[in-house]
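Please examine the sequence and the model displayed below before reading on. The report then describes selected features.

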Amino acid sequence: MTTPHEHMPGSDVAAGTERREPRIPTCANPIWQGAIRQPAVAGTFYPADSDALRGIIDRQLDYARTLLGHHHNLLSRLPQGAPKAVIAPHAGYIYSGTTAALVYSLLARGRGQIRRAVIIGPTHRVPVYGTACCTAGSWRTPLGTVPLDTEAECAALDADTPGFIVNDDTHRREHAVEVHIPWIQRVLGPQTSIIPLNAGDTTPGELGALIDRFWTDPATVVIISSDLSHYHPEHVARQLDDDTIARIAGGILPIVPDYACGAYPINGLIDVCRRRGLTIRPLGCSTSGDGGVLALADSGLPMRRPDMADPDQAVVGYASFAVWEDDHDGDGDDRENDGDCEHSGHAVRNADSCARNTVNACIDPQNQQESLPQEAAEVLPRLARAALARYCGIDSDGPTAAETSEIHPWLKHDGACFVTLHEQGDLRGCIGSLEPTRPLGEDVACHTVDAACHDPRFRPVEPWEYPAISIEVSVLSPKRALPVTSRAQLEASLVPRHDGLVSMTGAGTGPPSCHRCGINCRIRMISSVICCPKRACARTPRGMMRGSQHGRTPSVPTMRREYRIRVSARRRLMQKPPVPPPPTQPTQPTPMLPARKGTTMHERESQPSHGSTDAGQPLDQPHPDEVAASMRGGFQPTSPFPHTYEMPSPRSDGRREVTTGPVPGDPAIGRWQHRLEDGRVQCDLCPRGCKLRDGQRGFCFVRSNHNGVIMLDTYGRSSGFALDPVEKKPLNHWHPGTAILSFGTAGCNSGCRFCQNWDISRSRIWDTYAVDAQPDDIVYAVKGCGASSVAFTYNDSIVFAEYAIDTAHACRDHGIGTVAVTAGYMSACARPEFYRYMDAANIDLKGFTEDFYWHDTGTHLADVLATIDYAVNGTDTWVELTTLLIPGHNDDDRTLHAECAWLREHCGRDVPLHFSAFHPDYRMRDVPPTPKERLLHARRIALQEGLRYVYTGNVSDRDGGTTYCPSCGARLIERDWYDITGYRLTADGTCPDCGAIVPGVWDEHPGTFGGMHVPVDIRRYTGR
């Protein structure tokens, strides 16, 4: 969690993705000097010294050439000449340089002929919809300046190429494209121009069409920048990477970001190659743990890799591929456009066989019901909702399918259904079965979980999405033959949004088409099913990995004498997301909280558990055969990966190693927990009360059960340090103008859909692990870098409370102030110890309705208000509050009046309130930024309600940043953004004109740090 004023060290606010005038630079950041994009990762990913950079490139090229020369099997199979397109990694040269050198050693064949390189990489820092170019005219590296082909970029923009946009922010500090430019300079020559592109959420067809614009130029090479799996144990990473390499080489869509960070660019290249009938040839692969030693594709796939130095070491995977212009595979457009080509056919044949057997069999109405009781409209959605809640860990105590079936015996009869999930109106998952193979109640519960985590088009549903998920259950009636002889009869016989069609196509016929629009809208992996034709062709949900048809008209299903076309009536049972009643006001702090419904990431009882490595990213994507089996009913997981993880414990040097349990006295042991009668342990830090079995993690993902003890796995592990002005927290009444050392960890106990630091708050501990930093280390760093205080921020400081408290205690012993930046979602028993050591806090009051809190943050308003009340009235901590105004969500006048009135009555008139501007981010990128006038209007409402110190943030507003005397109205502290331009307060915090006291913590003179954001390498001060 972070306030809207803050960013993770090195990150930036996402700008809009709308099309802008392409040649006007839009960035004022120092990295953009005129029309030249300066190097952002020189000195980190590759040497900043030009001689050292040439040396490492030349050495790695020599290694690659020597390796190819000794493996004639591979070299003899490769076409002559330079490749037309390549895929290469973008990690630091010492890790992935030899893998990248393979493709560049082949591209060297085109030196003199290749005059332009189109480089397409992913977005690691600032996400975008579409593919973004930048407004720079050239890029600089230690080897010199490279020109951009701005004419080609402008031509593509002027042609309104779908999904092609301008966005400088996503290029500002992105490394995926930059690391390839020194290779291009050294291998192809300094005269080669470039077109740097960052691909965000886009479809293979959109990006493929953009690549096609540049492909036809014979002097152009396309370079796709991507690593493979991230931070799995090496023995797991190799399995994942081998599968991904095989899928890329086979041209199988989609590649997902779980297994390749450059999945979107790769999918665009696969789209081009499939339409052109070109082969994607794997060259070699490695991991960051292989020390630069490559495995070559000289004897087919999988490649023969070197022995693993440490199979449990977390590594990143790399691979290189090449595509030649005339290297055809003979398949071209005949390939299936969705799913795994090899296994899709298998799934279709099984579906056909299943349907064919039913034609010849007599359907027993007792086994597959023709009608359902009226209570089904309530029972089935409630059953599905309980299954989803259990999968997400929101409610592990709800009734199971078996328990519900005892109450409603008709659920014990065999039935077939489809379960469809929507999130904010967009499709989020849909899986079902055609034939009744198990009791209807079990079928509904299992398919709800399958739709949430096994639909290959989407990443699994995460717990914080649960409030926004709506569920639709469609029960299939028995199949009946439809004796039609023409398409006209077929269309007349079907009822949109009621009928489902199972089409039996003969050999050589195309896929079935929607009888309403002619578009192929089949369910992935079972191409013979059309589910809800009208809805399926109405829109394609955002965020879905879509397969493009490229304008092809699918053929009409073959009509045969044995009536191979049938129709199934489907009952639709809708359930909207629940709005639970607000919780009661928290009680006084007690050593143990009563048992309450917890939130456990992996507590799924009868449903399969799946570990994950990135926010919402599955570690074990199901095999296509498994998905097909789940649609036929009876999915049985066969994942080779563990469902739980061995957890780390401390070592003497502050780092952590794998162990089987906690060490007594370990500071990372959670301080708020109790054991339940069933052997689980409940975490009492926040109101979620996660109940964890051994090896399970809580909602925040960073607290887990180690042999019956809940531990904080991010203790001493920071996501990065930076010096910020204290006003950025924001705190305007606490040591103004001073520098504060800011840091955070990973994880969060809120599920905000608008989080601007989602890359760390929603990430896993190993994704954001940057620095080992024990509390004493942070004290030395504060003194060494010239800061006067420490802020626990970037993610919610409550999540790492033990780490924050120990750091605050160490800082207090040395006269260093501490600041907690938090959303306030904390249990009553944890508040006293946490705030006892905090000198100041900024608490986010994200809105003032329970509906907003539950649906947009996954938390409850009453718990946050209780924390604010306690911090303001029950502690000595200086408290300021922040409300992020989101247009259409929490900014209506009635809500603002109610919020300010509550603050006046419960916190007093003197608590500073900051209204901050929203910018589109994470899962609210379709909401416009907050207009400045709306912030000013909210400030006027707060002042009308009697609050004395109301500020605006994230906009240029000198009046909204100025501290006024509450008595005479004099301007006491004037601010321009975070710079203090005027300061008239006395040392004791009084107005020099009238003597009125201004509440706060003041210094005799303000600090002069200004508005800088300075990343800090804490190792300089700790010696590590």
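## Basis of the report

This is a predicted model, in which local features need pLDDT of at least 70 and side-chain atom pairs count only at pLDDT 80 or more, while totals for chains, interfaces and linings use all residues. Residues are numbered from 1 along each chain as its sequence is written, and side-chain values use heavy atoms, with hydrogens and water left out.

## Overall architecture

The protein contains 26 helices and 46 strands; helices (H or I, at least four residues) and strands (E, at least two) are DSSP runs, numbered from the N terminus. Of its 1024 residues, 63% are buried, where buried means under 20% relative accessible area, exposed means over 50%, and partly exposed lies in between (1.4 Å probe, protein chains only).

Among contacts (heavy atoms within 4.5 Å) with a separation of 6 or more, 77% join residues 24 or more positions apart.

## Cysteines

The whole structure has zero disulfides, a disulfide being a pair of cysteine sulfur atoms within 2.5 Å. C154 is in no disulfide, and the nearest cysteine sulfur, in C133, is 7.7 Å away. C154 is buried, at 16% relative accessibility.

C965 is also buried, with a relative accessible area of 4%. Its sulfur lies 3.4 Å from the closest cysteine sulfur, that of C994, which is too far for a bond.

## Helix α4

Helix α4 spans residues 150–158, and its buried residues are A152, E153, C154, A156 and L157. The elements covering these buried residues include the strands β4 (116–122), β5 (131–133), β8 (164–166) and β9 (193–199), together with helix α7 (204–215). Just after α4, D160 has a positive phi of about 55 degrees.

## Helix α23

Helix α23 has 14 residues (893–906) and reaches 20 Å from its first C-alpha to its last, close to the expected 20 Å; the expected span is 1.5 Å times one less than the number of residues. T895, L896, E899, C900, W902 and L903 are its buried residues.

The face turned away from the buried side of α23 carries the exposed residues R894 and E905. Cover for the buried residues of α23 includes α22 (861–873), β40 (878–885), β41 (913–917) and α24 (932–944). After α23 comes G908, with a positive phi near 95 degrees.
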